[in-house]
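Let's take a walk through this structure together. Keep the viewer open and follow along as we go.

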Amino acid sequence: MKRNLKPETVAAGNGIATDETYGAVTPPIYLSSTFAFEGFERSGPYDYSRTANPSRALLADTIARLEGGSGAIITCSGMSAVDLLLSRLSADELVVAPHDCYGGTYRLLANRSERGHFSVSFVNQADETALAAAMEQYPALVLIETPSNPLMRVVDIERISKRAKDVGAKVAVDNTFLTPALQRPLSLGADYVIHSTTKYLNGHSDVVGGALVCAEASEVEEFASWANITGVTGAPFDSYLTLRGVRTLFPRMGRQQSNAKHIASYLNKHPQVSVVHYPGLPDHPGHRIAGRQQSGFGAMLSFELKGGVAAVRPFVEALSVFTLAESLGGVESLAAHPASMTHLGMGASAREAAGIGDGLLRLSIGVEAVNDLITDLEEGFGAIQDRTAA
Ligand SMILES: *Cc1c(COP(=O)(O)O)cnc(C)c1O
């Protein structure tokens with residue numbers, strides 16, 4: 001595919017109509033685990049699918065182009081993409097991670113540091129003093145997640161990257177929540193982008209996968225080699241499905257974001273809601289930074305029910321368009337209760353420190369008719385009132 005095409009065109013068209021065998025418009029899937037040698041001591045472009053596979057390579061190329069990177073490594077989950085990034089650290093090196101990072105990332109960092117693989121410091125990166133103190137320890141890697149899960153806190157990628165560069169640290173941004181459709185961290189100074197492709201990039205809740213995108217070509221090679229050594233590369237079928245999802249990334253994101261905007265303002269005016277966390281709301285603390293570094297506010301939000309934890313059960317039990325489930329980023333709308341689901345493993349005190357209350361609900365907004373979503377939430381609120389009246 002030509003260079004200099006707009007990202008929408010790359011997402012929809014990378015690899016389209018390139019099949020030289022039959023002229024297939026949609027690129028074929030190559031499930032083969034092994035590839036014939038062209039001759040004695042002469043391998044073809046592919047030899048074994050753990051190392052490299054054409055379907056996986058096309059997905060990697062597409063995601064790398066969208067992020068503006070030199071290349072990408074497609075892994076079998078978002079967690080294995082994070083772990084691949086951490087694999088290069090040594091025992092005397094320090095990782096600075098957000099205090100409110102994704103639960104699985106928190107658990108991985110904590111476990112690896114307990115085993116002495118590296119040290120980790122969890123820092124509120126929006127707190128200038130805490131960030132400055134962390135940088136004084138000369139970290140090897142600074143991990144950023146913005147917006148954060150589930151409170152949608154926003155941090156300034158460009159500013160943190162600059163601080164990190166000043167002390168010689170590499171910067172990785174987990175861009176799962178926004179995708180390159182809405183945020184491109186490499187253009188803001190990051191060295192790596194991590195994705196759980198399970199979420200928006202695939203977008204149909206039928207694949208678990210990940211990607212590590214690198215700014216530098218030499219690093220792509222290094223990480224690809226390590227992914228082959230450890231065998232964490234993604235399956236061809238998953239790559240095929242994810243690529244199918246990526247083709248509609250922009251229209252899905254546009255629709256989901258527009259639905260989310262309506263729902264955020266509906267919730268913001270609701271008498272049974274104490275606070276809405278959505279960076280698109282003008283009173284959100286990260287609104288200004290998000291407006292500058294993102295090209296949209298995304299389709300994730302969370303809010304606190306006034307009735308606290310007692311209100312959560314009747315509310316979620318009354319929902320029928322929203323499904324009570326973990327994960328996010330699919331075309332279908334999901335509701336999650338972080339305290340009992342995604343963030344249960346964190347423990348009550350860490351949740352409290354991170355500001356995750358027991359009455360907090362997180363919504364992943366899908367592509368449905370927005371009025372049906374609002375009616376569904378209305379039924380949830382009605383069920384709380386019925387419960388209190390009874
Ligand atoms: C889901 C998620 C991950 C982990 O990805 P898996 O595909 O579930 O392994 C990492 N970071 C963020 C922000 C996520 O939402």
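Start with the sulfur of C76: the closest cysteine sulfur belongs to C214 and is 17 Å away, so the two are too far apart for a bond. Keep in mind that this is a predicted model. A disulfide needs its two cysteine sulfur atoms within 2.5 Å, and 17 Å is too far for that.

C76 is partly exposed, with a relative accessible area of 38%, while C214 is buried, at 0%.

Now let's move to the ligand. Where does the ligand sit? You'll find it in the largest pocket. Around the ligand you can pick out S77, G78, M79, Y102, D174, T176, F177, S196, T198, K199, V208 and G209. Sorted by class, that shell has six polar, four nonpolar and two charged residues.

Zoom in on a few of these neighbors. D174 places a polar side-chain atom 2.7 Å from a nitrogen atom of the ligand. On the oxygen side of things, S196 has a side-chain N or O atom 2.8 Å from an oxygen atom of the ligand, and K199 has a polar side-chain atom 2.8 Å from a ligand oxygen atom. How much of the ligand does the protein bury? On its own the ligand would expose 380 Å², and the protein buries 91% of that.

Key
Residues numbered from 1 in each chain as written. Predicted model: local features only at pLDDT ≥ 70, side-chain atom pairs only at ≥ 80, totals over all residues. Heavy atoms only, no water. Near = heavy atom within 4 Å. Polar contact = N/O pair within 3.5 Å; in protein donor to acceptor, adjacent residues only side chain to side chain. Areas by Shrake-Rupley, 256 points an atom, 1.4 Å probe, with all protein chains shown as cover. 1 Å grid on protein atoms, 1.4 Å probe; cavity = no way out; pocket = protein on both sides within 12 Å on 5 of 7 lines; lining within 4 Å. Sits in = over half its atoms within 2 Å of the grid points. Nonpolar A, V, L, I, M, F, W, Y, C, P; charged D, E, K, R; others polar. Buried < 20%, exposed > 50% of the residue type's maximum accessible area, 1.4 Å probe, protein only.
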